[in-house]
Amino acid sequence: MNIDLTDQQLDMIQSMREYGESTFVLENVRQWREDQGLPDDVVQEFARRYFALPASTNGGSAFSQSLLNQALIIEELSRCAGCTLPFQNDLFELHIMAGFASDNDFSAVIDDFRRTGRVMFSLAVSEPQAGSDTQNMKTSVRTQDGRLVLNGVKTFVNNGEYAPNILVAAIDEDAPDDVRHPALSFWFIPRNLRGIKAYPINKIGQSMLPFATVAFEEVELKPEYRLTGPNATAGFPHLFSLLERGRIFTCASSLGMAQAAMEDAVRYANERIAFGTPIGEFQQIEQMLTDMEIRLWNMRNLLYSAAMKSDEDASDKRLAIALMKRYIPEAATQVASDAMQILGGIGYTERERVSHIWRDCRGNQLAEGTDQIMVYIAAPLIRKKYGA
């Protein structure tokens, strides 16, 4: 599939490239990985550039940009940094908030993001015993003695220790379930309520995203904490559709990091001399580079196609996104692994970023639905497609 980007999209990418290449130099990235986050001026500059972009013709009013444009931005900045950045999570969390909140509630959040470059909440959806089976969540809200009480445990909550608020998905035990799904509700609650405890999760990669497990024990809620937007009662089907946007962003990040690994590998293959010859002229290295480039082309086509289908609300968008998520993180991990192989022993050290790229890409095979869950989603759609 050949997707020609518009002049406006190319200008957008160039703006993000100027920002990314001047900001995410190797020394800065190393420091910010240790700090588990970005400085205020860096995220404020991202927000300034993002909201200065001309609006997409098919972009939502809250975000101004289409999913394809947001994917292009994440891809380019991930390439510049050679690591997972907070921006993909920020945009995804804002999509979830917009999907369930009222216009007034969301306006306050997006205005704060525009001003500070930071999302004012962490998103608590995943659970230790549910994982990709989101509908199996156990965290719940119920009325006890006239009080609304929240109980449960969430895991892999980005900024769960630090954000001033938490957007919590919980089963509403006061509401009747429908035929297929439990009653889902979202609550925007202050982080400092009594009964909330957060515990850091030590990961092997994606160190700019500080994840935590957050426990809620007899947390008393106010009714006004509940999100009450037009889609607030749409429940799990609406959440599932929003999770697909997160998969697009995860794959955009994987593609950008794989491109960075490829560029590092080519640079090293041209400069490294062995037996009097640049190793890039060795046939085995040539074959590895060729296969890496094929994967990059395939990844890019799958990502752009899935994002465009989602923007257009195409009938086969769900299949396109599942195929994209099934292929891209795994292919990106392989590209990063091959880059490490080309760099040899130096690629296995903390000095070279390809080792960190490999770890970050490997984590994306688990994020937003594992490789195997994508088969679970895609296979029935494939059977239906060809059975018809």
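Is Lys384 buried or exposed? I find Lys384 exposed, at 65% relative accessibility. The classes I use are buried under 20% relative accessible area, exposed over 50% and partly exposed in between (1.4 Å probe, protein chains only).

I note that this is a predicted model, in which local features need pLDDT of at least 70, side-chain atom pairs count only at pLDDT 80 or more, and totals for chains, interfaces and linings use all residues. Residues are numbered from 1 along each chain as its sequence is written, and side-chain values use heavy atoms, with hydrogens and water left out.

Entry: Lys384. I place Lys384 in helix H11 (residues 371-387); helices are DSSP runs of H or I with at least four residues, strands are runs of E with at least two, and both are numbered from the N terminus. From Lys384 to Asp172 I read 34 Å, C-alpha to C-alpha, at a sequence separation of 212 residues.

Entry: Asn158. I find Asn158 in strand S3 (residues 147-158), and Asn158 is buried, with 3% relative accessibility. Leaving out residues up to four places away in sequence, I list its contacts (heavy atoms within 4.5 Å) as Asn89, Glu93, Ser122, Leu123, Leu209, Pro210 and Phe211.

Entry: helix H3. I checked the length of H3 (residues 40-52): its 13 residues should span 18 Å, and the end C-alpha atoms are 18 Å apart, which agrees. The expected span is 1.5 Å times one less than the number of residues. Buried residues in H3 include Val42, Phe46 and Tyr50. Among the elements covering the buried residues of H3, I note helix H1 (7-23) and helix H5 (87-100).
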